[in-house]
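Hi,

Here is the structure I promised to pass on.

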Amino acid sequence: MPKAENKADKKHGFVKENLGMDSGALKESFVHHLEYSLGKDDYSSTLQDCYASISLTARDRLIERWIKTQQTYHKKHVKRIYYLSLEFLIGRTLGNSLINLGLYGEASKAMKELGYSLEELREKEWDAGLGNGGLGRLAACFMDSLATLEIPAVGYGIRYDYGIFFQNIRNGYQVETPDNWLRLGNIWEFPRPEYSYLVNFYGRVEGYQDAQGKTRQRWVDAEEIVAMAYDTPVPGYNNNTVNNLRLWSAKSTREFDLNYFNDGDYIKAVSAKSVSENITKVLYPNDNNFEGKELRLKQEYFFVSATIQDIVRRYKNEHKDFSEFPDQVAIQLNDTHPAISIAELMRTLVDQEGLPWEAAWDITVRTYGYTNHTVLPEALERWPVDLMARVLPRHLEIIYEINRRFLEELAVRHPGDLAMVRELSLIEEGPVKKVRMANLAVIGSHSVNGVAALHSEILKASLFKDFFHLWPEKFNNKTNGITQRRWLKLCNPGLASLIDGSIGNEWTVNLFELRKLAALSRDAGFQKKWSDIKKANKEFLADYILQRNNIVINTDSMFDIQVKRLHEYKRQLLNVLHVVTLYNRIKDNPGKDVVPRTVIFAGKAAPGYHMAKLIIKLINSIAERVNADPQVGDKLKVVFLRNYAVSNAEKIIPAADLSEQISTAGTEASGTGNMKFALNGALTIGTLDGANIEIMEEVGLENIFIFGMNAEEVTALKNSSYNPLQYYNENAELRQVLDQIRDGYFSPENTSLFKPIVDSLLYHDTYMLLADYASYVACQEKVSQAYKDKKRWLQMSILNTARMGKFSSDRTIQEYSDEIWGVKPVKIVLT
């Protein structure tokens, strides 16, 4: 990492504080901030103060690079990528910033010399949980890779006052409490009130004649809300690039409505202000009700309106017209949530900047790229037309005009094909007319990509089949990736150090370098070191589980882990069925030698998703029974860790022996948890779904455990009147497990508690658990047999890590940049 020089600032005539990168300079900064930024000393400071002080110390070393990065982009008139995501699941920032600055070791040394533990101080940072799961975490990984690859970029999203809820477990049930992550402030953000924009809602559209006598449209009588920017620096690894993450917070246009005061109604005045600011109060809710849908639509428009205004402002500072807009601006939509920005850019160009429709549309399509993240219906947004007409009246008009022109083009290319018209129209006809946001994203973008090879093929063959026939050149694949800086170097320092000492540290910027580990996979000495590190990680996690759950676990047992958002398609319930099967086998034959397992679950269920929440209760009820059974002892333990988040994922993943990636084939777009586990040496048991397929191709079929139907077989079985009862009747072990769950074996206080789960499986089984059960159980037996052969298991583990090169988000971002955005890297030089 190049060092920032200490020099006199000639313009202002002062000398900059010592921003050296050694432990001595870090200690000096730490003590300075403790006293002068926080007003504390050795006697009055808390650990929270010390966390803040070391964070400010690290932040200081980002700021000069941050400012220089933005100045360089401006002076060189570079094209930038603007990454729009409703979610950024950042987690904690201190550790990652120290790693990327090359300061982690020196900071640890400095804190130790001052009598503190850096690891203990890092635990004081609250997770920035501004996302529900993989979508937001991917966005955070992408921001890290963009800066590491020196690609000019800005991330745009929402600064939620409350992130993803805090999950408590009470009596086995999930209980949600607010995640007030900002209550102690956020060291890493910078308020930017100078970048505030008015965002409109409601109102009406009126026509008028402009100065040239042309009929134009304008949006009037709208309610106004202010979007204010908060900026967070995002450093690249071992370079001087620090990109910007800009998150928007809603503010009322005035502090209070004076009319209410004049009427003597103070409460109404405060209430009106609060309603305005509700838009960014909480990460978008489960849209089970109409109000939820309206708030979510308003959140989406709020952030894209402010973003488009910001992008256009920046562009107009350097350009007199919009002819070069697509040459300076690339906008990537992270799923359908920001798709309304296509209509917003059209409104800006046509209504406000006066461009002809055709020119505006050409600019828009050349500017936008769209990443689809799912094939599940609930993620393909469809907004009721009457809702959009009320909340965003001008945008609905623009969408209708986009649709009219598109359908005219379609009629020319496919005359008389009414089925295609119905499928591709932006408006879904029916009792409730709806706007199809995914269709808008496809029509309004020059690139449409899936996030794993299988997923991209499903888009072309099924979800967007007719669009693919219309515009095959738009469609491409960009398999997801993860940043190895956070998901190996930071979270698994023991393993990272072993790798550095064995093959060098170039893997931190070129993950394909890990291939060199393959030559060591059979080396007994290397295997021993690898095994010792895994054991230490397991002991660390076991201690964490003891503190959190008061469960003592056997660290010699196989750590069989499934951590992810709770959803039926992810099939935590299939894992549960296997756990009960193992339990029954132990009970039936207590003397039999078995491979001991600790099965660990973690994940949050959406507050309104009752089945997922009942599955959490079932897991905890089974854990209570199994863990207390003296006949079982250390042979089987079940753990549900509450409040899964980035920070505890960093503790869990390095300790895993087995990674459960068992979604129904054809339902998981990609998954990135599968990559994180494999990178840290866990073996995967999984279906041929999402990126599992590509992981299998990279690591080799002999180093992964694959079971179950593939996507084609799933579709074929669905189309042939799938009957789950048949599997229940024909498999005695499965029947016993389901009967136990249904009849109250794990819920004696309420014997019918879990009957809805069993009924759902027996009479619907949407995600085909019963069809895959026998294959899954048989595959798990192969896992147990493989685990007995420690040398072979260690070889497989090392080869999994060695062959993860493809799954770096650096590779993914390089592909986006080269093949979609056309954005070139820019080296930042400190002078």
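**Cavities in the model**

By class, eight nonpolar, five polar and four charged residues make up the lining of the largest cavity. Please keep in mind that this is a predicted model.

First, the overall count. The structure has three cavities of 30 Å³ or more.

**Largest cavity**

The largest cavity holds about 220 Å³ of space. Its lining consists of 17 residues. Those nearest the centre are Ile90, Asn96, Ala140, Val234 and Arg486.

**Second largest cavity**

The volume here is about 100 Å³. By class, the lining has six nonpolar, three polar and three charged residues.

- Tyr73, His77, Val78, Arg80 and Tyr82
- Ile311, Arg314, Tyr315, Glu318 and His319
- Gln328 and Val329

Which elements each supply at least two residues of this lining? They are β3 (80-84) and α9 (290-316). Of these, α9 gives the most to the lining of the second largest cavity, with three residues.

Which class leads in the second largest cavity, nonpolar or charged? Nonpolar, with six residues against three charged. In the largest cavity, the corresponding counts are eight nonpolar and four charged.

Best wishes

Conventions
Residues are numbered from 1 along each chain as its sequence is written. This is a predicted model: local features need pLDDT of at least 70, side-chain atom pairs count only at pLDDT 80 or more; totals for chains, interfaces and linings use all residues. Side-chain values use heavy atoms; hydrogens and water are left out. On a 1 Å grid over the protein atoms alone, a cavity is a set of points where a 1.4 Å probe fits but cannot get out, and a pocket is an open set with protein on both sides within 12 Å along at least five of seven lines; lining residues have an atom within 4 Å of a point. Grid points are joined across faces, edges and corners, and a volume is the space filled by probe spheres set on the points. Ala, Val, Leu, Ile, Met, Phe, Trp, Tyr, Cys and Pro count as nonpolar, Asp, Glu, Lys and Arg as charged, and the others, Gly among them, as polar. Helices (H or I, at least four residues) and strands (E, at least two) are DSSP runs, numbered from the N terminus.
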